[in-house]
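Please walk through this model with me, from its surface charges to its salt bridges and patches. Keep the structure open as you read.

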Number of protein chains: 2
Amino acid sequence: MKLEISKEELRNFLLHATDEQLAEMIEFIHPVDILEVIHEYKEDEDVIMKRLPSEILAEIVDEEEDEEKYGLLSHFSDTEQMVILEEMSSDEITDLVSVLDEAESEDVLSKMNVEDRQEVRELLSYDADTAGGLMATEFISLSQHMSVLQTLEYLQKAAQDAEMAYYLYVVDQSNVLTGVVSLREIVAHSFDTLIRDIANPNVISVPASTDQEEVARIFSKYSFLMMPVVDEHDHILGVITVDDVMDIIEEENTEDIHRLAQINEEEKVDGSLIESLKSRLPWLFINLLTAFLASSVVAVFSGTIEKVVALAAVNPIIAGMGGNAGTQSLTIVVRGIALGELTGDNARRVFFKEFGVGILSGVSIGLVVALICGVMQQNPIFGLVVGLAMLLNMAFATIAGYAVPVILKKINVDPALASSVFVTTVTDVLGFFFFLGLATLFLPYLI
Amino acid sequence: MKLEISKEELRNFLLHATDEQLAEMIEFIHPVDILEVIHEYKEDEDVIMKRLPSEILAEIVDEEEDEEKYGLLSHFSDTEQMVILEEMSSDEITDLVSVLDEAESEDVLSKMNVEDRQEVRELLSYDADTAGGLMATEFISLSQHMSVLQTLEYLQKAAQDAEMAYYLYVVDQSNVLTGVVSLREIVAHSFDTLIRDIANPNVISVPASTDQEEVARIFSKYSFLMMPVVDEHDHILGVITVDDVMDIIEEENTEDIHRLAQINEEEKVDGSLIESLKSRLPWLFINLLTAFLASSVVAVFSGTIEKVVALAAVNPIIAGMGGNAGTQSLTIVVRGIALGELTGDNARRVFFKEFGVGILSGVSIGLVVALICGVMQQNPIFGLVVGLAMLLNMAFATIAGYAVPVILKKINVDPALASSVFVTTVTDVLGFFFFLGLATLFLPYLI
């Protein structure tokens, strides 16, 4: 029985179902779907929210965009807010609080019990882009002396609270992480099996300061659902779950794609005009600077252009094709770095491959343009100049496409950031220089 | 006790540990780490592999790149291969077989038992980019009449075989999917609870033909760990797990990033020179065509350039800045479509926002270049022509940046594919046309 109902039907159900019907069905409706109804039917938001139990409200608040969470909460009285906050996990509340101003965040924190507040304050102290900023403090820890049956009985009491309790962590008396056991292992073993005998002592964990990109890479590499975060003495601090990691992967990818195109990582397609301008205009002005730089190279050779005006029409072909080849190299290298596929081991090989691609595409594209331009101008020397400039520019384009992101990475700047400005500056400046310089050298044969 | 050992130490352990030590520890070493050792120390591959039990070998084969899996298997005798294949899950074997030629794949299939072979043949019939191509057929189904205790006892027998058995599916007598219950729910309830009472009847599932991008979107939206795949009558066919979805997300992102830069989605940073050329040269030739198109616009106005040679130096600024603005719009729109954030509902608003960005950046950038060029040429009309051309080109650039991917999407072409060729063609052709056209109109004032 698949619940295939439209937003409208779900709205009607949420508004008009009897209290009994609602109580019976509500746990089977996904909070994301309820949130979509609330977004679509703003006018019913208040009525619908007031009908929902606090644990569902906590999940809805969690699913909402961070910026809107506080707004959802404010539908409720202080006492009701306290109940909802009680149901939320520590990392969710941290996400909520982190986007609020000081007064608002104090307001939220004041509605939590002392222990939870302390936990959230600690989580807030970690950088949001690190393992510490991602983790939740709700996890289940066991002693190695427990049996499967004891564990199951314990879970019947404790599991509701814990974050996706598919992995349980074995700790010693001083809370040092000594093993991990999956819920699947537990249920696959007989009741009298000891945790000690099925726990994996090789727990892969990360320190709280680990960058979120590195966290995502470890999750992908090992196909993890969950990973513990530890302090310098291997005490378990919290856990990161795969659903958070999926969000990070999309976030990091958006960041790279945006930066390669010179827009800020936070810009949203449905954001405001002002936000878009703030995100893009600074980059456009940087590009304008580099465009004037390239333009000044052309200006230097204006004497040559005056004599052979056909050069002006071919000029953008040389620069543009270099830009394309450079962007191709740049992109494969930036992506290779992001995926961890470009390493110290293969760097030399990749460089020579990129350079080879530059030479060989330069030769093929160069031959074609030389032929076309030579025939059109009825002058083989004109063709030669065009072809040679194309070859040189494409070879240097791939070198720049490789070198710029690799150097940025070395100096700890995101390779996706500003790489394309540098590379197209190189290809424009060099393209114009090679072409017009060669034309000036061969000028007697071109007039 | 965190196992922090280097590849070299792990290699030494795998080579020199006694059989007893190896048997005791091997299940706690992650197969990915063993695979890395085998890659690093090619010379020890055979010796190490021969020491490992078949279930570990099956996991190592699964972790290896699809193209290399068959090579790993071939270290073993036919009988040993049969045991390893027995340990592998249906989707893993399908991945393995799908990249082999006919003789090799028949060889692999012949080493499987009839039932498994039948399953793999069925999985191979689905398109690899769809839910059917992603799913595994190993899952656990329950009857709603079972109790928690009965389920736990059943899992102790069956769970080892099933794919990440964190969700169990409730089916009726005719195998129709009627509910889902998580392992966490099961262990959180008392032993006499009936599955019927804790199962969620609202199971979100997908048909086998669903595109993998859509599958990834549903996983992200609902934070799923697992999702069932059904036929048209709601019979459960298999399950997709979150680890496969993480791979898809990276794959789809790589595809978009590569296509935006005009390289093929399969190109690898550490691939061969020939592969890179195959991936990039066709795109470069397409760009060459469009570059000649833009160049011919310049050629049309060569009479104007002959008279005012300064135009040749400013020309690339106009086209280049349009290209930058167009790429910005294009990228935010392509990413918005990929993330499902650009919808029918906000399309109009996004279009006008992009157009507004084009106008406003055109005005600001246009003013600056008008001023600079006007002063440098000591001719306000020259500045006016430059500024006006810049404004027009940037406005049209953002329109093209919005329209091209949206139109490609409408005609069911990936918006990331070829979008940038179209957009830069528009900005080059229009940029040259606006600038040189205006210059021709105002020619008397420029000489």
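Buried means under 20% relative accessible area, exposed means over 50%, and partly exposed lies in between, with a 1.4 Å probe and protein chains only. By that rule A:Glu27 counts as exposed, because its relative accessibility is 53%. This is a predicted model, where local features need pLDDT of at least 70, side-chain atom pairs count only at pLDDT 80 or more, and totals for chains, interfaces and linings use all residues. Residues are numbered from 1 along each chain as its sequence is written, chains are lettered from A and ligands numbered from 1 in the order in which they are written, and side-chain values use heavy atoms, with hydrogens and water left out.

Start with the layout of chain A. It is divided into domain 1 (7-130), domain 2 (141-241) and domain 3 (273-446); the bounds come from an automatic or database domain assignment. Between the C-alpha centres of domain 1 and domain 3 of chain A lie 52 Å.

Now return to A:Glu27. This residue sits in the loop between α2 (19-25) and α3 (31-40) of chain A. Helices here are DSSP runs (H or I, at least four residues), as are strands (E, at least two), numbered from the N terminus. Patch residues have over 30% relative accessible area and no salt bridge; like charges are joined within 9 Å, and nonpolar side chains (Val, Leu, Ile, Met, Phe, Trp, Tyr) within 5 Å.

Next come the salt bridges. Side chains of opposite charge can pair when their charged atoms come close. The cut-off is a side-chain nitrogen of Lys or Arg within 4 Å of a carboxyl oxygen of Asp or Glu. Over all chains, the whole structure holds 40 salt bridges.

Take A:Asp19 and A:Arg51. Their side chains meet in a salt bridge at 3.0 Å, N to O. A:Asp19 is in helix α2 and A:Arg51 in helix α4 (residues 45-51) of chain A, so the pair links distant parts of the chain, 32 residues apart. A:Asp19 counts as exposed at 56% relative accessibility, while A:Arg51 counts as partly exposed at 22%.

Which residue does A:Lys111 pair with? The partner is A:Asp78, with the closest N and O atoms 3.7 Å apart. A:Lys111 lies in the loop between α9 (102-110) and α10 (114-124), and A:Asp78 lies in helix α7 of chain A, so the pair ties together parts 33 residues apart in sequence. A:Lys111 is buried at 7%; A:Asp78 is partly exposed at 48%.

Another bridge crosses between chains. A:Lys268 meets B:Glu341 at 3.4 Å, N to O. A:Lys268 lies in the loop between α16 (242-260) and α17 (273-300) of chain A, and B:Glu341 in the loop between α19 (310-338) and α20 (347-377) of chain B, so the pair joins two chains. Both are partly exposed: A:Lys268 at 37%, B:Glu341 at 25%. A network of salt bridges also links A:Glu255, A:Arg259, A:Glu265 and A:Asp414.

Two further stops remain. In chain B, helix α8 (residues 90-98) is mostly covered, with 7 of its 9 residues buried. Among them are B:Ile93, B:Leu96 and B:Val97. In chain A, A:Ile359, A:Leu360, A:Val363 and A:Leu367 make a nonpolar surface patch of about 320 Å². Areas come from the Shrake-Rupley method. A:Leu360 lies in helix α20 (residues 347-376) of chain A and counts as partly exposed at 37% relative accessibility.

Conventions. Accessible areas come from the Shrake-Rupley method with a 1.4 Å probe; for residues, only the protein chains shown count as cover.
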